[in-house]
Each structure stands twice: as C-alpha cells, then as structure tokens.
Amino acid sequence: MREGTSQDPRKDEVLRPIFTAHATEPDPHWRTILLVIFWPALESIHYQKRDWEPDQEERWQNIGWKFFQVLSRIDVEQRPSPLVQKVF
C-alpha cells in the first residue's frame, strides 16, 4: 500500500474487501487495519494542517474523528475507484 500512487488500481483490490468487512462486521480490528494502512497519509495531513490548529493533540483528535467519519460513509458498491483518494 505504500508503493505507487493513490490511483494505483491494486490498492483498490486490497481496500474494497477491507472496507466491505468494516461496513458489515462490528469488529474494531478493521479500524486498526485501516489506521495502519492510512497512517502515512494521516501524518501528512497532521503536518499540513499545523497552521490551522496549533495544538497537536487537538489536531490529531480532529483528524482521527474525520478519518473515522469518512470510513463509516464509504459505500464500496456506490464508490468508483480510487478509494484511496476518497479517504485522503
């Protein structure tokens, strides 16, 4: 997942079943897996938004909250590729 661009179709091949499982199973492990996959992007957002929110803890809280909101709204049946760009 760390190689290539966000438009790489192989990433969708990995993410679609994970997003489907996350949406249909209440197991919190899917959120952990998605956090690991998207951690570099979340770190990048955290750095980019440092001027918007100077308090690092508050910034992380906002980013995490929004990340989980986005995950809960993704419908893989309705969402065309690429999924990575939708999350980012």
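**Entry 1: ground rules.** I count a contact when heavy atoms lie within 4.5 Å. I also note that this is a predicted model.

**Entry 2: leucine 34.** I looked up which residues this side of the chain brings to leucine 34. Leucine 34 touches Leu15, Ile18, Phe19, His22, Phe67 and Leu71. That list leaves out residues up to four places away in sequence.

**Entry 3: the core.** Next I turned to the largest nonpolar core. It has 17 residues. Leu34 is among the members that touch the most others, along with Leu15, Phe19, Phe38, Phe67, Ile74 and Val87. I then checked which elements supply this core. Those giving two or more residues are α1 (9-24), α2 (29-48), α3 (56-73) and α4 (83-87). Which element gives the most? I found that α2 does, with five residues.

**Entry 4: α1 against α2.** I wanted the geometry of this pair. Two packed helices are described by the angle between their axes and by the distance between those axes. For α1 and α2 I read an angle of about 145 degrees, and the axes are 9 Å apart. The crossing of α1 past α2 is left-handed.

I listed the residues that meet. From α1 I noted Leu15, Ile18, Phe19, Ala21 and His22. Across from them, α2 brings Trp30, Arg31, Ile33, Leu34, Ile37 and Phe38. By class, this contact holds nine nonpolar residues, one polar and one charged.

**Entry 5: the whole chain.** I stepped back to the fold. The protein chain has four helices and zero strands. Along the sequence the pattern reads α-α-α-α. The C-alpha atoms fill a box of roughly 35 × 30 × 20 Å along the principal axes.

Does the radius of gyration agree with or depart from that of a compact globule? For 88 residues, such a globule would come near 12 Å. The protein chain has 13 Å, which agrees.

I also looked at burial. Buried residues make up 28% of the 88. Then I took the contacts between residues at least 6 apart in sequence. Of these, 50% join residues at least 24 apart.

**Entry 6: arginine 73.** My last stop was arginine 73, in helix α3. Is arginine 73 buried or exposed? The relative accessible area of arginine 73 is 56%. The cut-off for exposed is over 50%, so arginine 73 counts as exposed.

Methods: Residues are numbered from 1 along each chain as its sequence is written. This is a predicted model: local features need pLDDT of at least 70, side-chain atom pairs count only at pLDDT 80 or more; totals for chains, interfaces and linings use all residues. Side-chain values use heavy atoms; hydrogens and water are left out. A nonpolar core is a set of buried Ala, Val, Leu, Ile, Met, Phe, Trp, Tyr and Cys residues joined through side-chain atoms within 4.5 Å. Buried means under 20% relative accessible area, exposed over 50%, partly exposed in between (1.4 Å probe, protein chains only). Axes are lines fitted to C-alpha atoms, for helices over the stretch in contact, and angles run from 0 to 180 degrees between N-to-C directions. A crossing is left-handed if the near helix is turned anticlockwise from the far one by less than a right angle, and right-handed if clockwise. Ala, Val, Leu, Ile, Met, Phe, Trp, Tyr, Cys and Pro count as nonpolar, Asp, Glu, Lys and Arg as charged, and the others, Gly among them, as polar. The radius of gyration is taken over C-alpha atoms; the globule rule is 2.2 Å times the number of residues to the power 0.38.
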